[in-house]
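I set out to record the fold of one chain and its contact with a second chain. The entries follow the order in which I looked things up.

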Amino acid sequence: MTKRLLFQLIAALAASISLAAGAEDVVAVVSSKSPIVALNSEQVADIFLGKTTRFPDGSAAIPIDQNEDSPDRDRFYAQYTGKSPAQVKAHWSKLIFTGRGQPPRQVANGAEAKRAVAQDPHAIAYIDNRLVDSSVRVLTGQ
Amino acid sequence: MHRKTIVAAALLAACGAAHADDEGPKIKLSGYGTIGEAHSDNRDADYLVDSFKPNGPGFTRAWNADTDSRLGLQASAELSPRLSAVLQVISQQRYDGSYRPAIEWANVKYSPIPDLSLRAGRIVLPVFMVTDSRRVGYANPWVRPPVELYSMVPVTSSDGVDASYRMTLSPTTSDTLEVTGGRSDAHFPPSQGLGTGTAEVRNIFAVANTLESGFATARLNYGQARLTIPEYRVFEDAFRQFGPAGAAIAERYGVDNKLVKFVGAGVSYDPGPWFAMAEWAQFDTHSIIGKKSAWYVSAGHRWNKFTPYATYAKLNGLSNTTDPGIPLAGLPPPIAAAAGQLNAVLNSQLSVLPSQSTVSVGVRWDLLRSAALKLQYDRVALGSGSHGVFGNIQPGFQPGSTVHLISATFDFVF
């Protein structure tokens with residue numbers, strides 16, 4: 001009985017560890033043709049929440065979002081903005097219904113986000129880090 | 001006429017966008033709505049969430065679905081990277097009790113440079129922190145924005161122009177300055193005891209400054225306008241018949257091209273797992289409508305899909321609630337009687353200056369991705385001798401009493 005409980009505990013712990021590791025799997029990327037190398041998570045968040053339309057160097061920033069069915073999406077917003085899916089939705093409701101802004105263009109998944117960002121030096125996206133290849137550059141913290 | 005021209009121009013621009021549609025998907029349709037039900041335990045008066053509501057929970061019906069229910073539809077068009085247009089139509093209970101749709105916003109926006117935007121048409125009147133989204137229940141944590149503060153200025157839109165400029169002060173700090181000029185006509189129902197009328201708001205000038213840094217937001221507001229309520233002229237003219245003393249009263253309390261002033265300040269902090277916000281404002285009409293101030297503090301904690309919150313809000317009437325009126329001494333008896341009646345009318349109007357406080361507790365449940373269910377309890381304590389924000393007052397109503405409200409809303413966006 002005790003043994004089984006212990007096993008369950010370990011299994012639960014292992015699951016929570018892999019979840020925690022999973023939460024760090026989403027990275028912000030730009031095209032490898034983009035001059036941008038560093039952007040902290042607040043700056044990434046500001047671009048995806050429509051608070052700014054430009055990179056720190058003044059060039060236009062075009063965020064590419066993933067649709068609501070993508071598992072990357074919730075992880076990205078939790079990690080970079082600290083907001084739950086409902087909070088992100090509420091945030092955009094405020095901007096949309098005063099004509100102040102429209103949410104970023106959405107693509108179906110990480111592979112499409114990578115394809116879109118690779119083609120456009122102004123684009124910024126988030127993808128699972130296992131998808132990273134030479135067509136994109138992972139933005140470092142600072 | 002001028003107003004209609006602006007609205008028509010915005011509509012035309014939106015139609016132009018429909019044509020431009022062949023070149024790409026540039027038109028977006030979206031909407032929001034609330035299905036609500038509110039209950040009051042006081043059957044001798046209606047709880048009025050703003051002065052444009054003809055009724056509310058209480059006297060008219062103990063349960064009232066008209067208080068919070070509404071539907072908004074919006075078309076946004078991107079005509080070019082610098083030019084866009086928005087049209088929003090809202091259906092909610094109006095002053096006449098109907099749900100006839102009204103144009104809430106209809107404007108074109110032009111951004112000559114990235115951080116500057118200019119709008120013309122029917123635009124939001126920037127008054128409070130959540131003015132922009134006060135109708136969008138889904139965007140707010142509460143069943144409705146705190147009534148003490150938000151009922152002070154029920155006008156939500158202005159026909160005219162605004163300019164908004166955003167300055168980036170540091171990578172995480174920005175400041176947005178918004179200047180608005182315009183005019184507005186608002187019909188109010190007889191629920192306030194003043195009869196039906198129109199508030200003609202002219203020469204609106206409003207400035208709002210919003211500083212955002214990380215999770216913190218601070219906002220300062222100033223606004224002024226010229227207010228005329230033609231229905232009051234009958235009182236003003238009546239007083240003017242009584243010589244200089246009457247004329248002075250007509251001048252002091254009349255609502256004829258009166259300068260009204262508004263100042264407000266608010267702060268909010270929202271790191272994600274919880275939020276806290278506070279707001280204060282003062283509104284002076286230099287007329288019989290009086291001078292008021294209000295404030296609230298509100299905080300909530302997000303536990304997964306549930307966000308319990310609590311709010312304390314207070315509304316203070318700052319101007320006099322009585323006036324000696326026309327001196328009756330020395331007047332011939334028939335004239336003194338007429339003057340006495342006028343004085344009584346004046347004092348009954350002054351006495352409705354609201355003062356009240358409310359403790360609210362509630363919970364928001366994000367049960368679907370685009371919909372939330374909210375349940376809220378309000379304990380409204382009326383100031384001594386005051387009707388608070390209540391209207392349709394019946395003889396059995398006790399000024400200064402305590403009223404309990406329960407509200408439930410289902411808010412959605414699409």
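The entries below cover conventions, fold, sheet and interface.

Conventions. I worked from a predicted model, in which local features need pLDDT of at least 70 and side-chain atom pairs count only at pLDDT 80 or more, while totals for chains, interfaces and linings use all residues. Residues are numbered from 1 along each chain as its sequence is written, and chains are lettered from A and ligands numbered from 1 in the order in which they are written.

Fold. I found five helices and five strands in chain A, taken as DSSP runs (helices H or I, at least four residues; strands E, at least two) numbered from the N terminus. Their order from the N terminus is α-β-α-β-α-α-β-α-β-β.

Sheet. I traced an open, mixed sheet of five strands in chain A, ordered β3-β2-β4-β1-β5; strands pair if DSSP finds at least two bridges between them. Its edge strands are β3 (105-107) and β5 (136-138) of chain A. I noted that β1 (26-31) and β4 (123-128) of chain A pair in the antiparallel sense over five bridges. Within this chain, V27(A) stands opposite I127(A) in β4(A).

Interface. I counted 22 residues from chain A and 31 residues from chain B in the contact, where two residues are in contact if their C-beta atoms, placed from the backbone, lie within 7 Å. On the side of chain A that touches chain B, α2 (41-48) and α4 (85-96) of chain A are the elements that give two or more residues. The largest share, seven residues, comes from α4(A).
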